[in-house]
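Here are a few friendly notes to read alongside the model. Take them one at a time, with the structure open beside you.

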Amino acid sequence: VILKIAANMSNDDFETRITPFIIKMFANPDRAIRVYLLDNLPLIIDRLPQKIVNDKLFPHIVTGFTDVQPVVREQTLKSVLLLISKLSDRTINGDLLKHLAKTANDEQPGIRTNTTICLGKIAKHLGTSSRSKVLIAAFTRSLRDPFVHARNAALMSLAATAEHFTEEDCAARILPLVCPLMIDKERMIRDQANRTIDSYLQKVRK
């Protein structure tokens with residue numbers, strides 16, 4: 001209720017009354033509170049300064065990546081898309097990627113799948129020096145995931161991020177690992193593999 005009321009507050013009132021409250025609540029270890037805050041992040045994220053999000057909130061939010069409850073890990077992962085524009089390059093390419101590497105191997109197939117989708121959507125925010133290496137490692141690992149939707153997410157993410165890879169990456173590191181999925185047992189995967197391969201062949205042929 002407080003967060004919904006806060007949406008109508010002036011910037012000054014929000015900064016003096018709500019921001020300290022939000023910082024305090026994110027520091028609370030109660031899972032129900034954490035999930036509620038993450039669910040309602042869209043209501044407040046635009047009103048929070050970058051420094052507050054990066055320095056005060058993210059260190060608490062990041063603990064959710066390793067929570068024993070899947071719902072907390074899932075909500076924490078989903079929050080990345082809202083938080084990413086407020087995080088520093090150091091935080092993104094350090095703590096965030098470290099935790100996404102763990103959720104990419106989560107025991108829950110849905111979390112593994114959403115990690116792949118998340119990486120595809122935040123690709124442009126990753127450091128240029130390590131971006132292709134990080135994405136290729138993550139996506140090609142997901143191509144071998146036994147969960148069909150994880151494999152599909154990897155194929156779709158590869159297609160969506162092709163601009164970030166060199167021709168050598170495409171020909172030598174990506175296409176050889178995508179091609180076997182043309183004979184995947186699932187029709188959905190075979191179809192998406194063909195579309196992804198077509199997009200990479202066009203890139204290499206230019």
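Predicted model: local features only at pLDDT ≥ 70, side-chain atom pairs only at ≥ 80, totals over all residues.

1. Eight residues from domain 1 and eight residues from domain 2 take part in the contact.

2. Now look at the area. Domain 1 and domain 2 bury about 690 Å² between them, and carbon and sulfur atoms give 80% of that.

3. What about charges and polar atoms? There are zero salt bridges between domain 1 and domain 2. One residue pair is in polar contact across the interface of domain 1 and domain 2, with both residues at pLDDT 80 or more. On the side of domain 1 that touches domain 2, five residues are nonpolar, three are charged and none is polar.

4. Finally, the cysteines. How many disulfides does a search of the whole structure find? The search finds zero. C179 is in no disulfide, and the nearest cysteine sulfur, which belongs to C170, is 12 Å away.

5. Is C118 buried or exposed? C118 counts as buried because its relative accessibility is 4%, and the cut-off for buried is under 20%. C179 has 35% relative accessibility, so C179 counts as partly exposed.

Technical notes: Residues numbered from 1 in each chain as written. Heavy atoms only, no water. Contact = heavy atoms within 4.5 Å. Buried area = accessible area lost by both parts, 1.4 Å probe. Salt bridge = Lys/Arg side-chain N within 4 Å of Asp/Glu carboxyl O. Polar contact = N/O pair within 3.5 Å; in protein donor to acceptor, adjacent residues only side chain to side chain. Nonpolar A, V, L, I, M, F, W, Y, C, P; charged D, E, K, R; others polar. Disulfide = S-S within 2.5 Å. Buried < 20%, exposed > 50% of the residue type's maximum accessible area, 1.4 Å probe, protein only.
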